[in-house]
Amino acid sequence: MKLGILVNEGPYTHQASDTAYQFTKAALAKGHEIYRVFFYHDGVNNGTRLTVPPQDDRNIVKRWSELAAQHQLDLVLCVAAAQRRGLLDASEAKRNGKDADNIAPGFRISGLGQLIEAGIQADRLVVFGG
Amino acid sequence: MDEENGEGVAKKFLYVNRKAPYGTIYALESLEVVLIGAAFDQEVSVAFLGDGVYQLVKGGDTKGVEMKNFSPSYGALDDYDVNQLYVEQEAMQARGLVEADLVVNVEVVSAERMAEIMESQDVILSF
């Protein structure tokens with residue numbers, strides 16, 4: 001089955017991102033296709049490469065990046081939600097006159113149309129958090 | 001859906017709003033998805049359950065909390081061909097609201113009917 005994943009909460013405060021990650025990993029292991037993982041609301045915070053969690057805890061951002069590299073996942077942060085919350089890629093940082101960008105490897109920033117498209121193209125869109 | 005390819009096949013999208021408008025950002029960001037999604041020529045409906053019904057209440061004034069009042073945007077949904085709005089009857093009753101209190105025309109439905117509406121969708125985005 002072709003699945004779209006929507007992550008609506010940030011890392012650590014809510015379990016939503018952990019559950020979405022475990023679900024995505026399990027779905028891939030069962031041979032399902034992940035069409036896209038879209039991050040919305042505080043979910044965009046899953047895509048900052050500046051998180052430094054304690055060493056004896058899971059590294060949620062790194063874990064997503066590694067899964068994306070292993071399976072060529074399309075991890076998309078909503079641009080409007082990301083800009084509000086201080087998540088910028090290099091081109092957005094430049095365009096908005098900011099002196100830094102902070103997107104983790106494997107993530108990209110794009111519009112909400114990518115979420116709707118995932119709803120249209122995937123057999124199921126599975127929503128986590130919110 | 002059974003179709004191999006979603007191209008040209010309209011899916012039924014339902015956006016479910018469950019939260020009051022200004023305490024959290026969910027209502028505003030849900031509205032942003034609905035407005036963007038309207039450009040995709042799908043069959044769109046919007047539902048308001050629980051405290052979500054407060055999103056449609058007339059006469060809100062957000063000056064005191066220094067937030068943008070986005071309640072006029074619900075009136076613009078019709079211009080985007082989003083005109084199927086369902087409101088949960090039990091949620092209205094529990095909050096002492098009647099249809100005349102709302103900023104847009106809606107269809108008030110029982111929770112039981114709402115469940116049937118949800119059952120008939122292809123994609124449900126819940127905020």
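Modeller: Let us begin with one bridge: in strand 3 of chain A, L77(A) is the bridge partner of F39(A). This is a predicted model, in which local features need pLDDT of at least 70 and side-chain atom pairs count only at pLDDT 80 or more, while totals for chains, interfaces and linings use all residues. Residues are numbered from 1 along each chain as its sequence is written, and chains are lettered from A and ligands numbered from 1 in the order in which they are written.

Colleague: Which way do the residues of strand 3 of chain A point, and are they buried or exposed?

Modeller: L75(A) and L77(A) point one way from strand 3 (residues 75-78), V76(A) and C78(A) point the other way, and all are buried. A residue is buried if 20 or more other C-beta atoms, placed from the backbone, lie within 10 Å of its own, exposed if 12 or fewer do, and partly exposed in between.

Colleague: How do you know whether L87(A) is buried or exposed?

Modeller: L87(A) has 25 other C-beta atoms within 10 Å and is therefore buried. L87(A) is found in the loop between helix 3 and helix 4 (90-95) of chain A. L87(A) and L77(A) are ten residues apart in sequence and 8.7 Å apart in space, C-alpha to C-alpha. Not counting residues up to four places away in sequence, L87(A) touches residues including V44(A), L77(A), A82(A) and I103(A); a contact requires C-beta atoms within 7 Å.

Colleague: Why are strand 4 and strand 5 of chain A said to stand at the edges?

Modeller: The open sheet of five strands in chain A has the order 4-3-2-1-5, with parallel pairing. Strand 4 (107-110) and strand 5 of chain A each have a single partner strand, so one side of each is left without a neighbour in the sheet.

Colleague: What is the order of the strands in the sheet of chain B?

Modeller: The open sheet of five strands in chain B has the order 4-3-2-1-5, with parallel pairing. Strand 4 (107-109) and strand 5 (123-126) of chain B are the edge strands, each pairing on one side only. Strand 1 (residues 12-17) of chain B pairs with strand 5 of chain B in the parallel sense over four bridges, and L14(B) has I124(B) as its bridge partner in strand 5.

Colleague: How is helix 1 of chain A oriented to helix 2 of chain A, and why?

Modeller: The axes of helix 1 (residues 16-29) and helix 2 (residues 60-71) of chain A come within 11 Å and cross at roughly 20 degrees. That makes helix 1 of chain A roughly parallel to helix 2 of chain A, because angles under 35 degrees count as roughly parallel, over 145 as roughly antiparallel, 65 to 115 as roughly perpendicular and the rest as oblique. Axes are lines fitted to C-alpha atoms, for helices over the stretch in contact, and angles run from 0 to 180 degrees between N-to-C directions.

Colleague: Which residues of chain A touch chain B, by class?

Modeller: In total, 15 residues of chain A are in contact with 16 residues of chain B. Helix 5 of chain A gives the most to the side of chain A that touches chain B, with six residues. By class, that side has nine nonpolar, six polar and no charged residues. Ala, Val, Leu, Ile, Met, Phe, Trp, Tyr, Cys and Pro count as nonpolar, Asp, Glu, Lys and Arg as charged, and the others, Gly among them, as polar.

Key:
Contact = placed C-beta atoms within 7 Å. Helix = DSSP H or I, 4+ residues; strand = E, 2+ residues; numbered from the N terminus. Pairing = 2+ DSSP bridges.
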